[in-house]
Amino acid sequence: MSQQEKLLEIKNLTVHYETVDGTVRAVENLNLSVGAGQTLGLVGETGAGKTTTVKTIMRILPVPPSVIKSGEIFFKGEDLLKKTEKEMRSIRGAKISMIFQDPMTSLNPVLTVGEQIMEAIGLHNRVSKRKAIELAEEMLETVGIKGDRLSDYPHQFSGGMKQRVVIAMALACNPQLLIADEPTTALDVTIQAQVLELMQRLKRQYKTSLIMITHDLGIVAEICDYVAIMYAGQIVEYGSLEDIFLHAQHPYTKGLFSCIPDLYSDDKELIPIPGLMPDPSNLPSGCRFHTRCQYSFDRCEIQEPPSVEVSPGHHVKCFFAVPEKGEPQGTPLGRPV
Amino acid sequence: MEGRYDKEGGEDLKMALLEVKNLKKYFKTKSGLLHAVDGVDLHINKGETLGLVGESGCGKSTIGRLVLRLIEPTEGEIIFEGKDLGKLNKSEMRQMRRKMQIVFQDPYASLDPRKNVFELIAEPLIVQRIYSNKRELERRIYELMEIVGLAQRLVNSYPHELDGGRRQRVGVARAIALRPVFMVLDEPVSALDVSIQAQIINLLLKLQREFGLTYLFISHDLSVVKHISDRVAVMYLGQIVELADCKEIFKEPLHPYSQALLSAVPVPRIDLKREKIILEGEVPSPINPKPGCRFTSRCRYCQDICKTETPVLREIYPGRFVACHFPQKGQ
Amino acid sequence: MGTNLNTVTSKPLPVYKKRSQGAEIWRRFRQNRNALLGMGIFFILVSFALFAEIIAPYDPIQQNYEKIMQPPSRQHILGTDELGRDIFSRIVYGARISMTVGLIAVGIAFVAGTALGVICGYYGGVIDNVIMRFVDILMAIPAILLNISIVAALGTGLQNVMIAIGVSNVPRFCRIIRASVMSLRDQEFIEASRAAGATDFFIIIDHIIPNSLAPLIVQATVSVGSSILQCASLSFIGLGIVPPTPEWGAMLSTGRDFLRKAPHLTTFPGLAIMAAVYAANLMGDGLRDALDPKLKR
């Protein structure tokens, strides 16, 4: 990361789920940081540990079954994992907010949207009711909904509108960090475009940092500054938008790009990543991707590859990662003893 | 992708495997008549893939079910291999089902949770009484499993024990079990992770190549549709607004809605600068739609005539159909 | 055009052998301790019914006026009743009637209720309306009144009691399965089956019923208990099992008059009923879980 101030920094985070069937290693040794005003895209497929990671930041993972094995999460220099539940309550919603995937279920159907936005405001600010109504109306207008719809119920809104309401609630207290967990997956393309545009505008307006969880590299290309590619609980590649989209090095990242159809090139052949996502309660040894990787050699099966900084700010967790200057960390010649 | 269908064949109706004429499906609701599909004409030639795109509620899935007669149309004809499906009785229709199959979006919901892989793949063969010999049935099921890339050891597994990709392979195996000539693919990869999506797309393409299948590919994902289709129909509120050759429609969409839809797709590239058309508002209600063009409320080129006169789907040049009073050239 | 989907597979194909469902279900059932306990109790009661002659130490209808209402002792482990009959022997013999009534009455309700419910739920419309209104009427009549009318019309006797209790239980089964069928009917896998060309009958037998078993089994086990109680109430008003035939409900109701003087007259038959109901419920829960392939452990 550049010299910019780090708003959020995750160090060596490991989160497990202890279940009857064994330990699920959902997130392991995860390092990540988000600078002020930046947008980080957290990309990965189902079960990669994206949601676990952000829920750990919010400290909203149910304990048990989840266990935070190790790590620190610094938010403006303070370790969130050391906070008490009471302290966390004053952070959630006020300093860090979250938007969930499904707008249909993240709103309470028996309360008007106005009441719900006012509740979000009232939790962290001592304001009069009149002031709260004013603020709620203002928020609604900000997300592009007429203020007089404050007394409408969620079912009177369409999916896209509901997600706008959710965004209004999330931004009501002007948080410094907004976490969006696949906020547009449930929406249609044209509505998705509206919501993405709105989020980008608000992000600039409020100077909020954003962590965007998504599986859609198209969305990443549109709104993110930095990208972290997650696979089986680990970040396999991290870098700026250019690093990932133009100079990707990790075989998984490359695989992701080559298996999506391209709207702007004709007759691209899709090259699927063979095999399946490993079972998180029974992960392969060594590099977790080696079972699906066409480049894997025997070292990959035994040893976990280190995270190599191939160029400033561009990290790749692979033996074949080639730094811009210098030798690769582990070529097939450099086999372990 | 080339050579799978003959462009000239588009005009020759004898080549059409499936033809749909003035198809309508209205649903009665408390607040009025819901026009799910409202006067759709299209044909699909043998061996080609017609992509049907549109946003949720535009009626694309309803068309998929109508052409298979899983639901009955309010009006219109569906002609398959020269036979009007609406005129077939129950047992004739059952016979016809051998030739036309469907792959569903959600491979979890479309597989009975209490049946294992063997029973699931066997079901179409059993209900159609294809094999009287149990050994032959078994052989066929293992063969199908091999065709779709399912390991033999999975034969006793239940859907919940399989991941999404494998479940969808079971769905595909069921669909091809009866050796159909035509398949409706209703968002077959939308519920899958990207790396698995590519596996299933390649499987579907392989099956089409090997068995000369004809596909109606329904999806909201334009990149996938572009990848798999020969021709594409864009739907908006129960009507087809544009229908053309796949490459042409993506290179130069003519209907304002197609343009907006195409520009709204996030593209995983940072070396492309595109003009983004952000549509205002949302899809209006399909209940008792107003006369005139249905896209007027969101169209940036809307004129007075659009509000009063419904544009018909007309052929601008051979093979290129647009339903717009002012088809826009050049994006 | 190439509609031939034949490919030649070179590898020899294994013979398909279905992983035995019975063994699988039993394996899952066995891991549920409560279910095993329930089954244990149930087996004891069934063996009471089957081998009453061997198990019971006394004749259940032999009266003995010298030993009236004796508390449990070495000779009469559960004591004697107001006519000096051995309570343990009467409970053992009573299992015969109670278990038969419980199982057969529920069987009748299960079959009739399922058939009606499936028809209503699957076809809907007018048929549904007609049947369900009739079911509503049945439901509006108190069970005991319904039982009395049916027994009064058909005459007393074990068989008619079972029919009466069965009929009065039909509405509940019917409602439960109808709701379950209605939610299943619109599931995609039903549509998938239809797309393959399956007939309605095939869909009902092969998909609808297996998938709506869970609530039915729970209802069935609860009903076993309530049927035993209903039989008891019928006996109590003299329409059920005619004395001196031993029957748990009848024992309970006659013992009620001596509740203060000799509580064991009611306690033990009561415990027997409770054990039967409890065992059925435990077993039902276990069976429901064991039948669901999703809950595999």
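The model is predicted.

## The four-strand sheet of chain B

Chain B holds an open sheet of four strands. Their order is E2-E1-E4-E5, and the pairing is antiparallel. Strand E2 (32-45) and strand E5 (83-84) are the edge strands of chain B here, each pairing on one side only.

Strand E1 (residues 16-29) of chain B meets E2(B) over eleven bridges, in the antiparallel sense. One residue pair to look for is B:Tyr26 with its bridge partner in E2(B), B:His35. Helix H1 (residues 60-67) of chain B lies across E1, E2 and strand E4 (75-80) of that chain. The helix runs at about 115 degrees to E1(B).

## The eight-strand sheet of chain B

Another open sheet in chain B has eight strands, in the order E6-E7-E8-E3-E9-E10-E12-E11, with mixed pairing. Strand E6 (100-103) and strand E11 (314-317) of chain B each have a single partner strand, so one side of each is left without a neighbour in the sheet. From one strand to the next, the twist averages 20 degrees.

E6(B) pairs with strand E7 (residues 182-186) of chain B in the parallel sense, over four bridges. B:Ile102 has B:Val184 in E7(B) as its bridge partner. Helix H5 (residues 164-176) of chain B packs on this sheet and touches E6 and E7 of chain B. Its direction makes about 175 degrees with that of E6(B). Helix H9 (residues 256-264) of chain B lies across strand E9 (231-236) and strand E10 (239-245) of chain B. That helix runs at about 100 degrees to E9(B).

## Where chains A and B touch

The contact takes 37 residues from chain A and 34 residues from chain B. On the chain A side, the elements giving two or more residues are helix H6 (189-206), helix H7 (217-223), helix H8 (241-247) and helix H9 (251-258) of chain A. H6(A) gives the most, with seven residues. By class, this side of chain A has 19 nonpolar, nine polar and nine charged residues.

## A hairpin in chain A

Strand E11 (residues 307-311) and strand E12 (residues 314-317) of chain A run antiparallel, joined by four bridges. A:Ser307 has A:Lys317 in E12(A) as its bridge partner. Two residues lie between the strands of this hairpin, and A:Gly313 takes a positive phi near 85 degrees.

## A residue of chain C

C:Glu53 is found in helix H3 (residues 52-55) of chain C. C:Glu53 counts as exposed because it has 9 C-beta neighbours inside 10 Å, and the cut-off for exposed is 12 or fewer. C:Glu53 and C:Ala109 are 56 residues apart in sequence. In space they are 31 Å apart, C-alpha to C-alpha.

Key. Residues numbered from 1 in each chain as written. Chains lettered and ligands numbered in written order. Predicted model: local features only at pLDDT ≥ 70, side-chain atom pairs only at ≥ 80, totals over all residues. Pairing = 2+ DSSP bridges. Contact = placed C-beta atoms within 7 Å. Axes fitted to C-alpha atoms, helices over the stretch in contact; angles between N-to-C directions. Nonpolar A, V, L, I, M, F, W, Y, C, P; charged D, E, K, R; others polar. Buried ≥ 20, exposed ≤ 12 C-beta atoms within 10 Å, placed from the backbone.
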